[in-house]
Amino acid sequence: MSKKIKNNKVQENTRTQNFVKNTLVGIIMQLFALILSFVNRTIFIKLLGNSYLSINGLFSNILNMLSFVELGFGTALIYMLYKPVANKDIKKTQSIVKFYKKTYTIIGTVMFVLGIMVIPFMKYIIKEPPQIKENLTIIYILYLIGTCSGYFFAHKSAIINANQKNYIISIYNQIGKLIQTIIQIIFLLITKNYIVYLIIQIVMNLVSNILIS
């Protein structure tokens with residue numbers, strides 16, 4: 001009995017330490033993200049103009065609307081992981097993660113298909129196309145790929161979340177964002193090409209997800 005009480009105290013201390021780490025790293029990374037976003041957006045507008053910024057906002061809104069297919073599965077599945085992870089029940093954890101992976105693979109695929117189905121209606125959504133040199137459809141598809149690709153890695157980060165070590169994800173994401181922003185700015189200065197900008201974003205997000213995995 002005393003051993004069980006001791007183990008419970010150790011787990012409680014670990015949870016408290018992880019909570020403190022998550023909170024501190026979360027605050028620091030949030031401030032870092034705001035500064036990085038401001039710098040990125042300022043340079044983005046100066047090099048490409050407001051037309052590209054409006055496209056960014058529009059496509060983000062469309063994809064946010066399509067993300068309804070997720071229906072909160074992520075939160076529910078992470079909640080299901082807490083107990084088996086705390087109890088070190090590997091078999092149960094593997095079972096839930098496997099289901100999580102299958103569910104999010106379906107969600108990512110469905111969202112991509114729905115996103116493609118939006119393309120024929122794009123002329124009605126964007127009645128006055130902005131004056132840009134790149135093809136709007138290609139830009140939209142790149143946005144769609146960037147958004148949907150994250151769903152195929154969600155099951156890996158769920159284990160980290162269930163272990164209450166969200167700070168690991170935050171650190172990897174923000175380091176990735178910093179490298180991404182630097183590379184994007186360099187290529188914008190050289191090419192002023194928005195498609196290259198988006199491809200860099202997709203590649204860096206993919207790298208971050210692989211490293212977290």
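Read along its sequence, the protein chain runs α-α-α-α-α-α-α-α-α. The model is a predicted one.

Visitor: Hello! How many helices and how many strands does the protein chain have?

Guide: Welcome! The pattern along the sequence is α-α-α-α-α-α-α-α-α. Counting the elements gives nine helices and zero strands.

Visitor: Is helix 3 roughly parallel or oblique to helix 7?
Guide: Helix 3 (residues 73-86) and helix 7 (residues 154-162) pack with their axes 9 Å apart and at an angle of about 55°. That angle makes the arrangement of helix 3 relative to helix 7 oblique.

Visitor: How do the residues of the contact between helix 3 and helix 7 divide into nonpolar, polar and charged?
Guide: Helix 3 brings Ile-78, Leu-81, Tyr-82 and Val-85 to the contact, while helix 7 brings Ala-158, Ile-159, Asn-161 and Ala-162. Sorted by type, the residues of this contact are seven nonpolar, one polar and no charged.

Visitor: Is Gln-180 buried or exposed?
Guide: You will find Gln-180 in helix 8 (residues 166-191). Leaving out residues up to four places away in sequence, Gln-180 touches Ile-200, Gln-201, Met-204 and Asn-205. Its relative accessible area is 4%, so Gln-180 is buried.

Visitor: Are the rings of Tyr-100 and Tyr-104 stacked or edge-to-face?
Guide: Tyr-100 and Tyr-104 lie four residues apart in helix 4 (residues 90-118), so about one helical turn separates them. Tyr-100 is buried at 4% relative accessible area, and Tyr-104 is buried too, at 5%. The count of aromatic pairs comes to eight. For Tyr-100 and Tyr-104, the ring centres are 4.9 Å apart and the planes meet at 20°, so the pair is stacked.

Visitor: Which residues form one aromatic cluster?
Guide: Rings pair if their centres lie within 6.5 Å. One aromatic cluster is formed by Phe-44, Tyr-52, Tyr-194 and Tyr-197.

Visitor: What percentage of the contacts with a separation of 6 or more comes from residues 24 or more positions apart?
Guide: A contact here means heavy atoms within 4.5 Å. Of the contacts in the protein chain with a separation of 6 or more, the part from residues 24 or more positions apart is 80%.

Key:
Residues are numbered from 1 along each chain as its sequence is written. This is a predicted model: local features need pLDDT of at least 70, side-chain atom pairs count only at pLDDT 80 or more; totals for chains, interfaces and linings use all residues. Side-chain values use heavy atoms; hydrogens and water are left out. Axes are lines fitted to C-alpha atoms, for helices over the stretch in contact, and angles run from 0 to 180 degrees between N-to-C directions. Helices (H or I, at least four residues) and strands (E, at least two) are DSSP runs, numbered from the N terminus. Angles under 35 degrees count as roughly parallel, over 145 as roughly antiparallel, 65 to 115 as roughly perpendicular and the rest as oblique. Ala, Val, Leu, Ile, Met, Phe, Trp, Tyr, Cys and Pro count as nonpolar, Asp, Glu, Lys and Arg as charged, and the others, Gly among them, as polar. Buried means under 20% relative accessible area, exposed over 50%, partly exposed in between (1.4 Å probe, protein chains only). Rings of Phe, Tyr and Trp (its six-membered ring) pair if their centres lie within 6.5 Å; planes under 30 degrees apart count as stacked, over 60 as edge-to-face and the rest as tilted.
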